[in-house]
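Look at the sequence and the structure, then work through each task before reading its solution.

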Amino acid sequence: MWKILCAIYARLSKEDEDKRQSESESIQNQKALLVSYAAEHGWDVYRVYCDEDYSGADSLRPDFNRMIAAAREQRFQIVLCKSQSRFTRDMELVEKYLHGLFPIWGIRFIAVADNADTGVKGNKKARQINGLVNEWYLEDLSENVRMVFDLKRREGQYIGGFPVYGYRKHPMDKNKLVVDPEAAGVVRQIFQWSLEGRGMQEIARMLNGLGVANPTRYKAERGWAGSRPAGNGPGLWSKTTVWRILRNEMYTGVMVQGRRRKVSYKSRVLIDVPPDQWYRVEGTHEAVICRETFDAVQQGLKLRSRSDGTGEAHPLSGLVRCMDCGGTMSKCSNGKTAYLRCKLYADSGKEKRCTRHSIRLDRLIELVLRRICFYIGSYYTLGELDVGPERNSRRAALEQERKHLAAQAEKRALALKNLYLDKVSGILSAEQFLALGESFLEEKRRLEERLARIGGELAGTEDTGRPSDLTERARGLLHPEVIPRELVVLLVEKIEIGEKYPDAGRQEIKITWRF
């Protein structure tokens with residue numbers, strides 16, 4: 001005798017969390033009800049499909065799509081659900097499958113609680129009304145959730161799934177951020193390197209050279225909820241990651257949220273929100289970067305400084321403008337000497353929409369340096385008491401590395417302990433324990449050797465310098481022989497270069513200062 005096969009589909013989502021304690025809504029009870037219903041009607045169960053923690057509007061549910069694929073191949077004759085909303089809350093999917101493809105494939109849809117049955121004539125309008133009610137429910141639920149999230153954003157509560165790199169969630173309040181000392185130190189170093197004129201690619205390369213784990217791997221290693229899987233990759237930094245950190249105002253103590261939003265509750269697509277519509281709340285958490293440093297870095301990024309091939313941008317990059325057309329000045333070279341010239345002139349071909357405005361880069365840098373030294377000397381005189389203890393940069397780097405390696409060694413020791421407990425409990429055999437333990441021991445030994453070398457280097461590195469030496473060094477910084485990029489960005493708004501008139505022996509140069 002030919003048997004009728006039915007596919008059972010059950011679903012429970014986050015939107016049903018308030019019903020999870022309800023026995024009638026549980027996955028197990030849905031399955032039991034539907035299996036019993038199939039048995040009463042003499043149908044054999046082809047397969048039970050189940051999606052948990054998926055919305056009824058989600059068309060990418062794994063088991064839902066597996067069931068649709070089997071239906072397309074006509075492996076069963078009936079789709080059986082507790083209610084139409086368990087199948088979908090999306091009216092578009094109702095029309096696509098229940099009234100479109102299922103009849104073509106010879107599939108009958110039955111929702112037990114709703115009395116929805118595509119095999120019964122005159123039942124279509126009821127199914128369509130059900131579909132509309134289910135979609136309205138989703139729309140109302142989405143709006144209510146959005147209103148709650150917007151309220152939290154306005155109050156400066158953090159609603160992200162996992163903390164911004166450099167912070168961690170408060171142990172007693174998941175909507176509040178506190179500084180994570182280890183990651184915050186890396187963030188401060190990134191901003192300092194950017195102030196020094198280093199490009200994002202170079203900063204990423206330096207971090208990778210120091211063996212610093214990128215934010216994704218750093219969070220995954222700590223098992224923070226919500227962080228994306230790090231995989232087995234090396235956890236390397238990229239210029240994009242560095243750029244995101246340098247542009248993130250959260251590090252100044254300002255809670256910034258709502259920068260992206262979904263197109264609709266039905267879509268996973270995110271779109272950017274204009275900055276004037278972001279939620280910004282001052283002083284919600286401790287700042288990692290002071291406002292002055294952050295603004296200086298933003299100014300440097302705005303100038304779009306580019307490397308000259310040596311890994312360093314020249315100190316005036318992005319600041320020099322043509323006095324006539326207002327365009328930027330691009331760098332060129334005759335093989336020995338570097339020059340700046342009007343970019344519009346260089347790019348306009350035979351039309352020559354502007355003139356050359358050429359000037360030697362080294363002479364312009366020297367001129368700007370002299371003017372900076374003049375203003376520093378006019379406004380500030382250094383005294384002995386102005387200089388505090390010197391911060392030994394080499395020592396600071398060693399101490400940071402030692403802290404990082406000590407944490408790694410501690411993790412290896414804990415892993416060994418857990419391996420031993422698994423062996424005692426019989427989870428691991430003696431052979432498995434030896435194979436795994438040998439790898440951990442080797443890595444732990446390597447970390448300890450490096451820690452010992454760092455200890456020796458720290459012992460031979462003095463922590464402070466003599467005040468007189470520091471004073472002399474400070475005087476050198478106030479009257480530099482080389483112009484620091486970060487100082488130029490802080491002091492200079494723009495430099496305008498006029499056309500050079502060799503016969504008159506003059507070329508107008510105008511510096512617009514920020515003070």
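A salt bridge is counted here when a side-chain nitrogen of Lys or Arg lies within 4 Å of a carboxyl oxygen of Asp or Glu. In this predicted model, that rule gives 13 salt bridges.

**Exercise 1.** Find the distance between the closest N and O atoms of Asp272 and Arg260, and decide how the pair is classed.

Solution. Step one: the closest N and O atoms of Asp272 and Arg260 are 3.3 Å apart. Step two: the cut-off is 4 Å, so the pair counts as a salt bridge. Step three: Asp272 belongs to strand β10 (residues 270-272) and Arg260 to strand β9 (residues 260-262), so the pair, twelve residues apart, links distant parts of the chain. Step four: Asp272 has 61% relative accessibility and is therefore exposed, the limit being over 50%.

**Exercise 2.** State in which helix Arg370 and Glu366 lie, and how accessible each one is.

Solution. Step one: both Arg370 and Glu366 are in helix α12 (residues 361-379), four residues apart, about one turn of the helix. Step two: their side chains form a salt bridge with an N to O distance of 3.5 Å. Step three: Arg370 is partly exposed at 48% relative accessibility, and Glu366 is partly exposed at 45%.

**Exercise 3.** Name the residues linked in a network of salt bridges, then describe the pair Arg280 and Glu282.

Solution. Step one: the network links Glu249, Arg280, Glu282, Arg291 and Asp295. Step two: Arg280 and Glu282 meet in a salt bridge at 3.7 Å, N to O. Step three: Arg280, with a relative accessible area of 39%, is partly exposed, whereas Glu282, at 55%, is exposed.

Methods: Residues numbered from 1 in each chain as written. Predicted model: local features only at pLDDT ≥ 70, side-chain atom pairs only at ≥ 80, totals over all residues. Heavy atoms only, no water. Helix = DSSP H or I, 4+ residues; strand = E, 2+ residues; numbered from the N terminus. Buried < 20%, exposed > 50% of the residue type's maximum accessible area, 1.4 Å probe, protein only.
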